[in-house]
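Subject: Structure for you to look at

Hello,

Please find the structure below. Open it next to this email and follow along.

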Amino acid sequence: MEDEIDQRKLLAGILRGEGYAVAETGSVDAALADLAAAPVDLVMSDWKLPGRDGMELLTEVKARFPETAFLMATAYGTIAHAVAAVRAGADDYLTKPFERAALLLAVERTLRSRRLVDENRRLSEEVRDRDRLVDLVGKSPSMERLYRQVEKLAGTDATVLLAGESGTGKELAARALHALSRRRTGPFVAVNAAAIPETLVESEFFGAEKGAYTGADRMRKGKLEQAQGGTLFLDELGELPLSMQPKLLRALQEGVVTRIGGSSEIATDARILAATNRDLAQEVAAGRFREDLYYRLNVVSVTLPPLRERREDIPLLVRHFVARTERRYGIRVEPFPSALLARMVDHGWPGNVRELANVVERLVLLSEGGRVSEGDLPGPLGGKAPADAGWRLPPGGVSWEEHEKDALRQALDISGGNRARAARLLDLPYKAFLYRLEKFGLAPSDEQQT
Ligand SMILES: Nc1ncnc2c1ncn2[C@@H]1O[C@H](COP(=O)(O)OP(=O)(O)O)[C@@H](O)[C@H]1O
Ligand SMILES: [Mg+2]
């Protein structure tokens, strides 16, 4: 769909030359009439058209022909249009003017990813939910700023360092950067430097040939290689062992990896995003992080604001997580009482959004008759358990056993003797809770096996 006839003939000619069947039209209404008559696999449209524009066509196509892929052409310098199109459901965009190769690549990639989408359509609601990519919630000025940064950076291949406390949404931001980028149909590969034992880091990152070490019974591709054509997310990079840092730097700089036990260099093409909750500049100063690697990764940095600095987003986030929990577990709850919400807005949230999400999920799951109860707030928020924010070990110490026994008794009190609930109040697995009750002789013998 292109209103300029010469341009359109040229595009159609290129595509026909590659064996595609092409139908051309010059207006949104004509395109919709054609689609109704004969469905197509892919619609490619210019953003700017006389009368109704490409966005209107996109909206109609999404609503009426959901199986049809959509490729939007936008003018150079209007990345906002591209982002809006992708948000509205376009599969990809092309910035004009584009070259023949870019056109063919985009068409082929879009059709390929469409086929994958079709294959995956049978996935359950929950799985789709978990895989949703652009999922950041928040309207505070600091979040608005973050969205603008993400939109701007998504259009580039720049390395981005995501900074911010734990649970502030660094991984979510990384996924958004990928989802809005040209690499979105390629893989998003995350590797968490803190989660891998030091001895395995190298094979995890770079891969290993069969027989490279004892137990390497087959060839394994490393994460850098797996991210080919997509985005590599280096999570918790501050934890990367110093010994690994020069190897990573070299791989990033030269764009090649060598598997352990291998001799050939394998070219990699991945966009690099890194995250850390440490102050890397400080780590560099302390000699725990290599300066050259730091500068290689810190081309652009984006900082996720802690939740306590954007409290106005808390009610919005609560709603978001309530809805998610309701969907996930098929339950419904009444809106949170305002006193409870006020308490949540006032809390310090050391664990940020992750902590908030967990607290909300717990309140919803423990609700009774659709009503959530302040009594179900965990320690520091509920203020009932001994882990109360103000609790300090007295200088003279305490008897730990008495302390624990007291906590168990109080939990049973609050839950009205319901032991499953009492266990949840203490954040203990049910079995562990029962074991402790017995240990302190708090379990009535006639109830031994609930
Ligand atoms: N702005 C946000 N909107 C919605 N959910 C969020 C937001 N920020 C974080 N979360 C959720 O909080 C949890 C932690 O986010 P994550 O991106 O893993 O944090 P980090 O990587 O900074 O530790 C995830 O469940 C994520 O979905
Ligand atoms: Mg994380």
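Predicted model: local features only at pLDDT ≥ 70, side-chain atom pairs only at ≥ 80, totals over all residues.

Residues are numbered from 1 along each chain as its sequence is written, chains are lettered from A and ligands numbered from 1 in the order in which they are written, and side-chain values use heavy atoms, with hydrogens and water left out.

Domains. The assignment gives domain 1 (5–120), domain 2 (141–303), domain 3 (308–391) and domain 4 (393–450); such bounds come from an automatic or database domain assignment. Between domain 1 and domain 2, the C-alpha centres are 33 Å apart. Ten residues of domain 1 are in contact (heavy atoms within 4.5 Å) with seven residues of domain 2. The two domains bury about 920 Å² between them, and carbon and sulfur atoms give 50% of this. Buried area is the accessible area (1.4 Å probe) that two parts lose on being put together, summed over both. On the domain 1 side, Val83, Tyr93 and Arg109 lose the most area to domain 2, together 45% of what that side buries.

Backbone. Most residues other than glycine have a negative phi, and most peptide bonds are trans. Lys96 and Pro97 are joined by a cis peptide bond, with omega at about -5 degrees. Pro97 sits in the loop between β3 (92–96) and α5 (100–120); helices (H or I, at least four residues) and strands (E, at least two) are DSSP runs, numbered from the N terminus. Asn352 is not a glycine, yet has a positive phi of about 55 degrees. Asn352 is in helix α16.

Helix pairs. Helix α14 (residues 314–329) packs against helix α16 (residues 352–365) at an angle of about 50 degrees, with the axes 9 Å apart. Axes are lines fitted to C-alpha atoms, for helices over the stretch in contact, and angles run from 0 to 180 degrees between N-to-C directions. The residues in contact include Phe321 of α14 and Val360 of α16.

The axes of helix α18 (residues 400–414) and helix α20 (residues 430–439) come within 11 Å and cross at roughly 115 degrees. Here Glu401, Glu404, Leu408 and Leu412 of α18 meet Phe433, Arg436, Leu437 and Lys439 of α20.

Regards
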